[in-house]
Structures are given as structure tokens and as C-alpha cells.
Amino acid sequence: MTFNDIFKSSFLENITGVSILDMLIALSLAFGIGMFIFLIYKKTYQGVMFSSSFGTTLVALTMITTVVILAVTSNVILSLGMVGALSIVRFRTAIKEPLDIAFLFWAIAVGIVLAAGFIPLAVIGSVVIGVILLVFVNRKSHANPYIVVLSCSDSAAEKKALEFLKDNVVKCVIKSKTSTKGLIELNLEIRMANDNTDFINTLSDMSGVNSAVLVSYNGDYMG
């Protein structure tokens, strides 16, 4: 086929560019691996509220990418037009979790690899990536991070409360302090050796301590 023959190809000749069997195999594998990606996402999700729509997007994105790459690899003209069309698309949905970006690229990469015919690479690579994510994302830290919001009536109570915290946690760091007449409020980052939170009850009962609140800390605090 010469370069001129490529541009002389008609619309009807493109129908046989990709066989029905190739389409069914590629889309079936894309759906299966997409569901595997969705399962790994569900098992490793650590946000506040799980979004099933994002998981569905991962499955759909894997299959859509497979369809696009199958079309691109079967027609040179279409591949040039596809590049131009995708270059004007703008996605404005905010990605709240950094790990979500990895899942999006994973789904896209699997679709590309499957459509290119590298089925073992797509399957084995997805299994390896899934196992690594399960191991590292779900790994429990020995020192769990928390934020303590402490309200004291005077500096003496503040000093006593800080000494008590430092004796009962692994790490205690002041993130912010607000002082008004008759009230001192502290935000402290602490690390606990275990999940025992009884020390908060004792802290709130101390003289001069108005309240003590323990909040789970996910690392997004800016102080």
C-alpha cells in the first residue's frame, strides 16, 4: 500500500479494519481488568465517603480507551484526527485524592496495552500493580496520626495538659495556638502507639481544661 492509497480509502472499507472477534476479545478483557481495578480501588479507598461513580468511571475508561486505540491502530487518518480532537478536550473535574490519579492512569494504560495486543502484559501488570497497592496502601502505621483540639482556661492548665499529653503519646507537636482573654485553644498533632483513646477522657477532666477533642488526621492539615 502506497501513501496515496491510504488517503483513497473509502468509508465502507474501514468496516473490516478491525474484526468482530478482535473487538469482542479486547472489550471483554478490558471489562474484566477494569472490574479488577475497581475492586482494588474499593479495597484501598481511605477517603471519608466512597464514590461508586468513580469506580464505574475506571471500568468505562478502560473500555473506552481500548475502543479508541483499536480504531487508531486500524486507520492512519483516524489516528491523526483523534489526536486533534482529544487536544481540545478539557477535563475540569477536581481529583481530591492523589492516589485517584494513579488509578486513572492505570485504567488508561491497560486500555492502550490491550488494544495493542499485549494481553499478557496487561493481565500480569495489573495483578502486580494491584498486589502492590493492597500491600502499601492498607499497611497500618505503628504511630497513628491525630489532631487534638484543646481548650484551656489559663496558661497553668495549658502547661499541665501538654505535659500529660507528652507522657501518654509517642509524639506531640503544636500546630496552632489561639489565645483570648480567659481562653487558650491549641491544635496539636499527636502520634499514638495504639488505638487506646482513654487519655482524652482523663485530659478533659483535668482542672482548667474546658474541652479536649480528638480528630482523625489524614495529613491535609495546614498549620
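**A walk around valine 149**

Strands here are DSSP runs of E with at least two residues, helices are runs of H or I with at least four, and both are numbered from the N terminus.

A quick word on the model. It is predicted, so local features need pLDDT of at least 70 and side-chain atom pairs count only at pLDDT 80 or more, while totals for chains, interfaces and linings use all residues. Residues are numbered from 1 along each chain as its sequence is written, and side-chain values use heavy atoms, with hydrogens and water left out.

Valine 149 counts as partly exposed because its relative accessibility is 24%.

Who does valine 149 meet, beyond neighbours within four places in sequence? Its contacts (heavy atoms within 4.5 Å) include Glu185, Leu186 and Asn187. Asparagine 187 is 38 residues away in sequence, yet the C-alpha atoms are 4.8 Å apart.

Now look at strand 3, residues 183–192, where seven of the 10 residues are buried. Strand 3 runs antiparallel to strand 2 (residues 171–180), and nine bridges join them; two strands pair if DSSP finds at least two bridges between them. Threonine 180 has leucine 183 of strand 3 as its bridge partner.

Zooming out, the protein has eight helices and four strands, and 30% of its 223 residues count as buried.

Key. Buried < 20%, exposed > 50% of the residue type's maximum accessible area, 1.4 Å probe, protein only.
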